[in-house]
Amino acid sequence: MIDPLQLDLLATHYNYYAVVLLLGIGLYMLVESPNLVKKVIGMNIFQTGIFLFFITLAYQAGANPPVVEEGAGPYVSPLPHVLILTAIVVGVSLTAVALALIIRIYSEYGTLDEDTLKQLYYD
């Protein structure tokens with residue numbers, strides 16, 4: 001039997017459902033899709049799930065921005081937000097490099113299918 005406190009916890013933390021959904025979709029696309037562009041899209045969806053998870057962990061109810069004032073209560077740590085901003089920049093750069101490599105692979109081999117590329121490489 002589910003405790004009412006557990007039901008309340010499940011109902012109020014809906015953002016974790018979004019995290020699990022994004023991570024699942026991204027991982028599925030990375031593993032199952034033979035197309036390289038779809039793999040890059042899956043990687044970006046997976047990254048978005050990780051970003052949402054870290055920002056969700058940083059949330060504190062009733063906390064103030066990290067501007068020091070007299071008599072202010074607890075402060076929100078800016079560190080997770082800064083880390084996520086840095087991760088977004090790295091993710092965009094990684095996506096740009098991956099897409100540039102995909103364009104080069106397509107111009108050289110004429111396909112983006114991973115199985116066909118493996119077959120061409122080993123033959």
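1. The largest pocket is lined by Thr12, His13, Asn15, Tyr16, Ile55, Thr56, Leu57 and Tyr59. Here a pocket is an open set of points on a 1 Å grid over the protein atoms alone, with protein on both sides within 12 Å along at least five of seven lines, and lining residues have an atom within 4 Å of a point. This is a predicted model, in which local features need pLDDT of at least 70, side-chain atom pairs count only at pLDDT 80 or more, and totals for chains, interfaces and linings use all residues. Residues are numbered from 1 along each chain as its sequence is written, and side-chain values use heavy atoms, without hydrogens and water.

2. The volume of the largest pocket is about 170 Å³, taken as the space filled by probe spheres set on grid points joined across faces, edges and corners. Its lining has four nonpolar, four polar and no charged residues (Ala, Val, Leu, Ile, Met, Phe, Trp, Tyr, Cys and Pro count as nonpolar, Asp, Glu, Lys and Arg as charged, the others, Gly among them, as polar).

3. α2 (14-32) and α3 each supply at least two lining residues, and α3 gives the largest share, three. Helices are DSSP runs of H or I, at least four residues, numbered from the N terminus.

4. Threonine 56 is in helix α3 and is buried, at 11% relative accessible area (buried is under 20%, exposed over 50%, partly exposed in between; 1.4 Å probe, protein chains only). Apart from residues up to four places away in sequence, threonine 56 touches Asn15 and Tyr16 (contact: heavy atoms within 4.5 Å).

5. Tyrosine 75 lies in the loop between α3 (36-58) and α4 (79-109) and is partly exposed, at 30%.

Note on methods: On a 1 Å grid over the protein atoms alone, a cavity is a set of points where a 1.4 Å probe fits but cannot get out, and a pocket is an open set with protein on both sides within 12 Å along at least five of seven lines; lining residues have an atom within 4 Å of a point.
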